[in-house]
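Q: Please walk me through how to read the features of a protein model, one at a time.

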Amino acid sequence: MNNTSDLVASAKTVHDRYLAGRMERETVREWVIRLGGYPAPHGERVREAAAWFRLQQTEPVAVDVKLADLQRLAAIVSG
């Protein structure tokens, strides 16, 4: 298992950079998909986010898709 506190810190940073437009969606998508296993409840949120990003690969990114992306990142942070 990976360290949950590192995950939360990283997810917050990725969320904030993506929200501010300083990170491309493809970079966020790759980051989420490469996350390993984490204990509950964070692990469940990571799996949900990875499944979402695997399905949502459209470019350019619609506003509603970006909002859903951000919600999934925030869910990882909040557990």
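**Reading a helical chain**

Q: Let's start with a single residue. In which helix does Val-8 lie?

A: Val-8 lies in helix α1. Keep in mind as we go that this is a predicted model.

Q: How do I read its accessibility: is Val-8 buried, partly exposed or exposed?

A: The idea is to compare the relative accessible area with two cut-offs: under 20% is buried, over 50% is exposed, and anything in between is partly exposed. Val-8 has 22% relative accessibility, so Val-8 counts as partly exposed.

Q: What does Val-8 touch, not counting residues up to four places away in sequence?

A: Setting those neighbours aside, Val-8 touches His-42, Ile-76 and Val-77. As for distances, Val-8 and Tyr-38 are 30 residues apart in sequence and 11 Å apart in space, C-alpha to C-alpha.

Q: Let me zoom out. How many helices and strands are there in the chain?

A: There are 4 helices and 0 strands. Along the sequence, the pattern reads α-α-α-α. The radius of gyration is 12 Å, close to the 12 Å that the globule rule gives for 79 residues, so the chain is as compact as a globular protein of that length. The C-alpha atoms fill a box of roughly 35 × 25 × 15 Å along the principal axes.

Q: What share of the 79 residues do buried residues make up?

A: Buried residues make up 33% of them. On contacts, among those with a separation of 6 or more, residues 24 or more positions apart account for 69%.

Q: How do I find the buried side of a helix?

A: Start from the helix geometry: an α-helix has 3.6 residues a turn, so residues three or four places apart point the same way. In α2, the buried residues are Arg-25, Val-28, Arg-29 and Val-32. They cover an arc of only 100° around the axis, which puts them on the same side of α2.

Q: Which helices do the buried residues of α2 pack against?

A: They pack against α1 (4-19), α3 and α4 (63-78).

Q: How many residues does the largest nonpolar core have?

A: The largest nonpolar core has 19 residues, and those with the most contacts inside it are Leu-7, Val-28, Val-32, Val-46, Leu-73 and Ile-76. Each of α1, α2, α3 and α4 supplies at least two residues of this core.

Q: Now the peptide bonds. Is the one from Ala-40 to Pro-41 cis or trans?

A: As background, most peptide bonds are trans. The bond from Ala-40 to Pro-41 is cis, with omega near 0°. Pro-41 has its place in the loop between α2 (25-34) and α3. In space, Pro-41 and Ser-78 are 9.1 Å apart, C-alpha to C-alpha, while 37 residues apart in sequence.

Q: And His-42: is that residue buried or exposed?

A: His-42 is buried, with a relative accessible area of 12%, and is found in helix α3 (residues 42-55). Leaving aside its neighbours within four places in sequence, His-42 is in contact with Thr-4, Leu-7, Val-8, Ile-76, Val-77, Ser-78 and Gly-79.

Q: What about rings: how many aromatic pairs does the count come to?

A: A pair of aromatic rings is described by the distance of the centres and the angle of the planes. Here the count comes to 0 aromatic pairs.

Q: Where does the charged end of Lys-66 sit?

A: The charged end of Lys-66 sits over the ring of Tyr-18, 4.7 Å from its centre. Tyr-18 is found in helix α1 and is buried, with a relative accessible area of 3%. Its contacts beyond four places in sequence include Val-28, Lys-66, Asp-69 and Leu-73.

Q: Over the face of which residue does Arg-72 lie?

A: Arg-72 lies over the face of Trp-52, at 4.0 Å from the ring centre. Arg-72 belongs to helix α4 and is partly exposed, with a relative accessible area of 26%. Not counting residues up to four places away in sequence, Arg-72 touches Ala-49 and Trp-52.

Conventions: Residues numbered from 1 in each chain as written. Predicted model: local features only at pLDDT ≥ 70, side-chain atom pairs only at ≥ 80, totals over all residues. Heavy atoms only, no water. Buried < 20%, exposed > 50% of the residue type's maximum accessible area, 1.4 Å probe, protein only. Contact = heavy atoms within 4.5 Å. Arc of directions from axis to C-beta. Core = buried A, V, L, I, M, F, W, Y, C linked by side-chain atoms within 4.5 Å. Phe/Tyr/Trp six-rings, centres within 6.5 Å; stacked < 30°, edge-to-face > 60°. Lys NZ or Arg CZ within 6 Å of the ring centre and 35° of its normal. Rg over C-alpha atoms; globule rule 2.2 N^0.38 Å.
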